Structures are given as C-alpha cells and as structure tokens.
Amino acid sequence: MANVDQYGRTHFIFGDGKNCDDFVYVENVVHGHICADRTLSTTEGAKTSGGKAYFITNMESMNMWDFLYLVQEELGHKRPFKIRIPSIVIKPISYLVEWGYKVLYPYGTCQPQRLTPARIKYITLNRTFSCNKAVEELGYKPIVTLMVLNLNPSVLSY
C-alpha cells in the first residue's frame, strides 16, 4: 500500500483480475488482540487457546484490484480505462527482465524490485484466510467492515 500513491497513474491488472484478498483494518487487529487477551486471562481459555495462531481479518474477502483502485481513487488518481495483462504474457516478461538485469549487473545496472517473477506470482494469487477458529475460540468479530470504509472513503485518505 505504501507504493499505491507512487504508481497511481498506472492502471494495470496482472492475471485474470479475479483474485481476492483478505484485508484487515487496524482497529480489527487491535480488537483481535483484546479478544485473545480476554480468552487467555481465564484458566480454561489459556488451556484451549494458549500457544495457538489465529487469522484476524475483516472476514469479507474483496477483489484485490478493486481495493487498490478504491485507494488510488481516494488519492486522486482517476483513470478512464484499465489494462489487463494475462499471466501467460507477464510471467515470461518478468523472467526476461530478471535475466537481463543479471546479465547487466556486472556493468553497474541495479535490478529494480518492480517486475520480478515473485511479485507477479503473489499479486495474481488468491489470499483469503478463515477466521473461524478466532470466532469460535476467542469470540472475535470484526468491528469495522470494508463496507464502512466504502461508505466513508475519507478513512482511507492521508
């Protein structure tokens, strides 16, 4: 998200553009910690939940590209169209770029970290997580939803 403003004028979608992600608002992270603290402060809760890991999200998966565009538009970057580049096209290009920088490295060329195969892989994956264990064992329920953020976009502004 730190680079969204820097690349605000670009409007590329890599892959099919249907990949979802679980985003979490900071207040929900804090709330998850409070729920864990309440649970772990009891003897029974410590036995049940002690030492376990939990996913904490807003529990509402969202298309990653839609979320990024919402943030970019709030930063003032409006675009008239979107350009979708299929994975089958962008992955080989990213390998060629990476190879080119390895060949040119001895001559003083530094590799930018923008178009790497790893980055292409991760921005085309679905990354959604189940919070069911946190709901059942910690009593977690998100207190801020993405819908609130959509209705009040000023929350996303600097």
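Buried here means under 20% relative accessible area, exposed means over 50%, and partly exposed is what falls in between (1.4 Å probe, protein chains only). With that in hand, here are some notes on the structure.

1. What you are looking at. This is a predicted model, in which local features need pLDDT of at least 70, side-chain atom pairs count only at pLDDT 80 or more, and totals for chains, interfaces and linings use all residues. Residues are numbered from 1 along each chain as its sequence is written, and side-chain values use heavy atoms, with hydrogens and water left out.

2. Helix 4. Helices (H or I, at least four residues) and strands (E, at least two) are DSSP runs, numbered from the N terminus. Helix 4 covers residues 87-104, and at 1.5 Å a residue its 18 residues should span 26 Å; the end C-alpha atoms are 25 Å apart, which agrees. The expected span is 1.5 Å times one less than the number of residues.

3. Ile120, in helix 5. Ile120 lies in helix 5 and is buried, with a relative accessible area of 1%. Leaving out residues up to four places away in sequence, Ile120 touches Phe14, Ile90, Lys91, Ser94 and Leu115. Ile120 and Lys91 are 29 residues apart in sequence, and their C-alpha atoms are 6.8 Å apart in space.

4. Thr124 sits in the loop between helix 5 and helix 6 (132-138), and at 21% relative accessibility it counts as partly exposed. The side chain of Thr124 reaches the backbone oxygen of Ile120 at 2.9 Å, and a polar atom of that side chain lies 3.0 Å from the backbone oxygen of Lys121. A polar contact is a pair of N or O atoms within 3.5 Å; within protein, one must be able to donate a hydrogen and the other to accept it, and residues adjacent in sequence count only if both atoms are side-chain atoms. Beyond its neighbours within four places in sequence, Thr124 is in contact with Phe14, Gly15, Asn19 and Ser87. Its C-alpha atom is separated by 5.7 Å from that of Gly15, 109 residues apart along the chain.

5. Asn63. This residue belongs to strand 3 (residues 62-63) and is buried, at 16% relative accessible area. The Asn63 side chain reaches the backbone oxygen of Gly17 at 2.7 Å, and one of its polar atoms lies 3.0 Å from the backbone nitrogen of Asp66.

6. The cores. A nonpolar core is a set of buried Ala, Val, Leu, Ile, Met, Phe, Trp, Tyr and Cys residues joined through side-chain atoms within 4.5 Å. The largest has 14 residues, and Phe14, Trp65 and Ile90 are among those with the most contacts inside it. Its largest share, six residues, comes from helix 3. A second, separate core of six residues includes Ala36, Ala134, Leu138 and Tyr140.

7. Met59 has a positive phi of about 60° although it is not a glycine. Most residues other than glycine have a negative phi.

Definitions and conventions:
Contact = heavy atoms within 4.5 Å.
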